[in-house]
Amino acid sequence: MAPKASFAQYAARPQAGVSATVAELRSVSKSFGDVLAAQDLNLGIARGEFLSFLGPSGCGKTTALRMLAGFEAPSSGEVLIDGQVVNALEPFRRPVNMVFQSYALFPHLTVADNIGYGLRQRRPRLPRQEIAEKVGRALEIVRLSGFDRRRIWEMSGGQQQRVALARAIVNEPKLLLLDEPLAALDRKLRKEMQIELQDLQRQLGITFVLVTHDQEEALSLSDRICVMRAGRIVQVGSPQELYDHPNSRYVADFVGTSNFFEGRVDAVEGGRARLVTASGLTLAGRASAGLAAGTTGCLSIRPEQIRMTRAPEPESQAVTVHNRIFLGEHTEYLVRHETLGNINVLTPRQAEQADRGFETGETAHLAWSDAAALVLKND
Amino acid sequence: MTRQERNWLLVAPAGAWFLVMLVLPLSVVLVFSFGERGPAGGYVPAFTLEQYANLPARLTAFKNTLILAPLGTLAALLIAYPLAYQLAVRTDPKWKTILLVLVIVPFWTSILIRSYAWIFILGGRGLPALLEAIGIEGVRLIYTPLAVTIGIVYGYLPLMVFPIYVALDRLDKRLLEASSDLGARPFRTFLQVTLPLSIPGVATGCLLVFILLMGEFLIPALLGGGKVFFVGNALVDLFLQSRNWAFGSAVAFTLIVIMLVTVTIYMRLIARLRLGRDDAQIM
Ligand SMILES: Nc1ncnc2c1ncn2[C@@H]1O[C@H](COP(=O)(O)OP(=O)(O)O)[C@@H](O)[C@H]1O
Ligand SMILES: [Mg+2]
């Protein structure tokens with residue numbers, strides 16, 4: 001076990017070389033019995049960024065977060081905070097705070113006492129006056145001024161969420177960890193809280209690490225997203241990078257929606273690739289990294305990248321309109337291709353008006369630019 | 001049937017039980033306490049405060065009860081809390097049930113037999129003999145207040161363990177993590193989260209044990225050996241041996257009043273302590 005070091009000791013050092021990386025996972029694995037919850041995680045978290053762990057339930061997001069908080073010790077590898085290995089550092093010594101999924105607010109304390117809890121644990125003690133001021137400011141930040149004497153059960157779900165946030169940020173942690181903080185809220189409230197979270201992060205400059213299985217939430221909030229699958233990190237990048245350059249079918253599928261056409265990768269050359277489907281159709285697109293000719297793969301095309309016309313165009317595909325959903329600004333079509341199967345198409349309102357739209361049962365023609373399509377390895 | 005009629009019907013059995021088993025005997029006791037002892041014992045109707053004036057004759061019994069019942073409750077609490085904590089918080093869920101059953105196993109034998117066992121353990125050839133073997137001489141345990149306290153704690157421990165166990169088991173373990181995350185060391189987490197949230201269980205356990213101890217007579221009779229006796233023993237004596245029902249009733253009624261007053265004060269105090277509504281269980 002690493003020697004027990006106190007963080008105060010570390011923080012007392014001159015802040016000469018404040019590194020851009022506030023926390024780091026180095027080849028971190030964690031197993032519970034024979035369940036490998038996390039495998040070989042490597043990730044640097046930049047100071048002040050908003051990072052999300054994204055993946056389906058059970059893929060190890062919470063485990064990763066709990067290792068940063070100190071509730072779980074890695075089975076192997078190193079967790080670093082501010083350049084210091086903290087594998088053996090207890091949670092109460094880490095300059096990190098967590099917002100729990102169920103909030104975990106203390107039912108026997110008032111709102112103000114919940115928020116001031118962390119400040120009251122400080123040694124040497126903070127003056128009572130200072131604690132009260134900080135709590136007051138935190139209440140203001142989460143817009144709950146005047147609620148300080150309330151009991152937790154007197155607060156609505158959204159208010160409890162904000163108390164939980166205030167209880168964490170009042171300590172000015174180097175890392176704020178949020179485990180699916182909005183999952184329990186209804187859709188409308190969730191949207192509001194997303195905006196508040198983002199504002200808060202910008203206003204405070206605290207590094208946020210969010211765990212979510214909601215891709216929309218991750219896309220709209222994060223500076224960077226770390227996509228996980230079965231305990232492993234699949235891809236890390238900005239929302240746009242992940243959306244435009246997914247490195248696998250898994251990421252393309254999980255981040256946004258996409259149509260996939262399976263086939264054999266026929267040729268890869270100069271960043272472009274050709275795919276031949278089982279029925280002999282040849283499709284072209286950008287080649288994803290590490291793609292090799294002769295393997296099976298798929299072509300991914302986003303619904304909004306597909307143009308839908310009445311008249312055939314060169315290399316367009318004839319389809320039958322199967323379903324049409326009016327979404328206001330967009331219309332979503334489900335069309336059926338003879339060999340490619342069901343395809344989702346999203347057309348903007350303008351195109352609709354010019355073309356009056358397509359009725360169910362009508363024949364249409366689909367076309368897209370090769371640059372918008374991506375040929376991926378199957379995984 | 002209206003809703004109100006239905007409600008009355010639902011509480012009717014409990015009401016009848018309450019009337020026959022509680023109000024009626026209590027009234028009898030109250031009436032008897034103002035009466036006189038008959039020439040051959042028993043009760044002769046009268047209206048006199050003589051019995052109450054005679055209460056100081058049984059002062060020792062009241063003193064013993066009022067000292068040893070709270071003391072025994074406190075001792076049981078101090079032993080039960082760590083046990084319940086270990087069971088509820090630290091024990092692997094797989095083992096919880098088995099260990100809990102072990103706590104109540106002694107209840108499968110009559111308290112009479114178990115108290116007899118203690119007579120031997122605390123008696124001259126038990127612990128004192130062992131102590132003598134290692135050079136500590138002249139220790140007397142049996143028929144002392146200590147023996148009675150040991151017997152009391154032993155007999156009533158499960159009643160204290162269970163409510164505390166329930167309160168600690170219900171405690172959301174994430175609150176402990178949250179406390180640690182906010183910088184509290186384990187002991188401070190215990191003081192600031194675990195302990196306050198287990199107060200309802202502690203309150204229930206103490207109340208149960210205290211009330212039962214106030215009426216206890218078997219353990220003092222066996223382990224106190226006539227030297228350390230409770231009000232309960234005085235009552236056994238007055239009703240069964242000296243057959244002075246009138247005085248016995250006065251003693252009994254006084255005990256009931258003392259109990260009502262202490263329990264009321266106690267409940268008031270606990271209500272003030274208990275602030276969280278989440279833990280409005282049990283009591
Ligand atoms: N304390 C634990 N004991 C045993 N298995 C666990 C424990 N915590 C997590 N796991 C397992 O590890 C895997 C990852 O869990 P988790 O990190 O909670 O996933 P996520 O947060 O992405 O839903 C799951 O298979 C889960 O069952
Ligand atoms: Mg989780």
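This report describes a sheet in chain A and a pocket lined in part by helices of chain B, both taken from a predicted model.

**The sheet**

Strands of a sheet pair through backbone hydrogen bonds, either parallel or antiparallel. In chain A, five strands make up an open sheet, and their pairing is antiparallel. Their order across the sheet is 15-19-16-17-18. Strand 15 (307–309) and strand 18 (341–348) of chain A are the edge strands, since each of them pairs on one side only. On average, and with direction ignored, neighbouring strands of this sheet are turned by 45° against each other.

One pairing can be followed down to single residues. Strand 16 (residues 317–326) and strand 19 (residues 363–367) of chain A run antiparallel and are joined by four bridges. Within this part of the sheet, Gln317(A) stands opposite Leu366(A), which belongs to strand 19 of chain A.

**The pocket**

Rolling a probe the size of a water molecule over the atoms shows where empty space is left. The second largest pocket holds about 450 Å³ of space. Its lining consists of 19 residues. Those nearest the centre of the pocket are Leu176(B), Glu177(B), Ser180(B), Pro186(B) and Thr189(B).

Helix 9 of chain B gives the most, with five residues.

Technical notes. Residues numbered from 1 in each chain as written. Chains lettered and ligands numbered in written order. Predicted model: local features only at pLDDT ≥ 70, side-chain atom pairs only at ≥ 80, totals over all residues. Heavy atoms only, no water. Pairing = 2+ DSSP bridges. Helix = DSSP H or I, 4+ residues; strand = E, 2+ residues; numbered from the N terminus. Axes fitted to C-alpha atoms, helices over the stretch in contact; angles between N-to-C directions. 1 Å grid on protein atoms, 1.4 Å probe; cavity = no way out; pocket = protein on both sides within 12 Å on 5 of 7 lines; lining within 4 Å. Points joined across faces, edges and corners; volume = space filled by probe spheres on them.
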